[in-house]
Amino acid sequence: MKNLQDSVLIKMIKQSNHIAFHEFYQRHWEQLYLRAFSILQDSDASEDIVQDVFLEIWNKRTDLNIDKPSQYLFTCVKHAIFKVLQKQKLKERHLHTLNSIDLLVQAEASMDTQEIEQAILNHLDQLPGRCKEIFVMSRFENMSNREIALKLGISTKTVENQIYRALKSLKSLIPQLLAIYLLLIFEDSLIKEFESILTFC
């Protein structure tokens, strides 16, 4: 199963193959969780979002029509995050998120994802070479921890530790810059949807 492409797994999921579904879940849940947590800063809510997305996929498995699995999953998570933000928009712990969204709307015309990614990469240059290499493979090349471990000849635990080290270092980067990056990499239509949230507030 681990060597099968997502498109093959989806076909098997449509046939109610539990093993294929488990592999598909294991392959994608971590990045989806990190994406949700980066914005919500709430582990329980982020876990619930990821679980609900995969539950919905399983419940509607016979009607699945997914051409780009990663993009589809991130879009589902994005919409779930919007709902959480709307429900909790008056709570103080989300003010920094709304401020970042407002900054995103203002900065979108002059900044693009590549520029922000480069700023993050420049920051990562301060880390040991192997740490940066692992982070880039994980977050920019979408490789799984297992794939990275096999390619570099190290344990998956080492990969996890290095990714954690890089993420911890990135906390010192300008928070607004990280917020803009995390939001921009969803898709361009995100701008308009966030504008509607801000107007609603």
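Let me start with Ser-138, which lies in helix α7, residues 129-139. Helices here are DSSP runs of H or I with at least four residues, strands are runs of E with at least two, and numbering goes from the N terminus. This is a predicted model, in which local features need pLDDT of at least 70 and side-chain atom pairs count only at pLDDT 80 or more, while totals for chains, interfaces and linings use all residues. Residues are numbered from 1 along each chain as its sequence is written, and side-chain values use heavy atoms, with hydrogens and water left out.

Back to Ser-138. Its relative accessible area is 1%, so Ser-138 is buried; buried means under 20%, exposed over 50% and partly exposed in between, with a 1.4 Å probe and protein chains only. What is Ser-138 in contact with, leaving aside neighbours within four places in sequence? The partners are Gln-31, Met-143, Asn-145, Ile-148 and Ile-163, where contact means heavy atoms within 4.5 Å.

Now the overall picture. The protein has eleven helices and zero strands. Of its 201 residues, 43% count as buried. Among contacts with a separation of 6 or more, 64% come from residues 24 or more positions apart.

Next, helices α2 and α3. Two packed helices are described by the angle between their axes and the distance between the axes. Helix α2 covers residues 18-40 and helix α3 residues 43-59; their axes come within 9 Å and cross at roughly 145 degrees. Axes are lines fitted to C-alpha atoms, for helices over the stretch in contact, and the angles run from 0 to 180 degrees between N-to-C directions. The contact of α2 with α3 has 15 nonpolar, five polar and one charged residues. In that count, Ala, Val, Leu, Ile, Met, Phe, Trp, Tyr, Cys and Pro are nonpolar, Asp, Glu, Lys and Arg are charged, and the others, Gly among them, are polar. On the α2 side the residues include Phe-21, Trp-29 and Leu-40, and on the α3 side they include Glu-47, Phe-54 and Trp-58.

On to the rings. How many aromatic pairs does the structure hold? There are six. Rings of Phe, Tyr and Trp (its six-membered ring) pair if their centres lie within 6.5 Å; planes under 30 degrees apart are stacked, over 60 edge-to-face, and the rest tilted. Phe-21 and Phe-54 have ring centres 6.3 Å apart and planes at 80 degrees, so this pair is edge-to-face. Phe-21 lies in α2 and Phe-54 in α3, so the pair ties together parts 33 residues apart in sequence. Both Phe-21 and Phe-54 are buried. For Tyr-33 and Phe-37, the centres are 5.9 Å apart and the planes at 15 degrees, so the pair is stacked. Both lie in α2, four residues apart, about one turn of the helix. Tyr-33 is buried at 17% relative accessible area, whereas Phe-37 is partly exposed at 27%. One aromatic cluster is formed by Phe-21, Phe-24, Tyr-25, Phe-54 and Trp-58.

Two charges sit over rings. The criterion is NZ of Lys or CZ of Arg within 6 Å of the ring centre and within 35 degrees of the ring normal. Arg-35 has its charged end over the ring of Phe-74, 4.1 Å from the centre. Arg-61 lies over the face of Trp-58, at 4.0 Å from the ring centre.

Last, Asn-59, found in helix α3. At 49% relative accessibility, Asn-59 counts as partly exposed. Asn-59 and Ser-16 are 43 residues apart in sequence and 9.8 Å apart in space, C-alpha to C-alpha.
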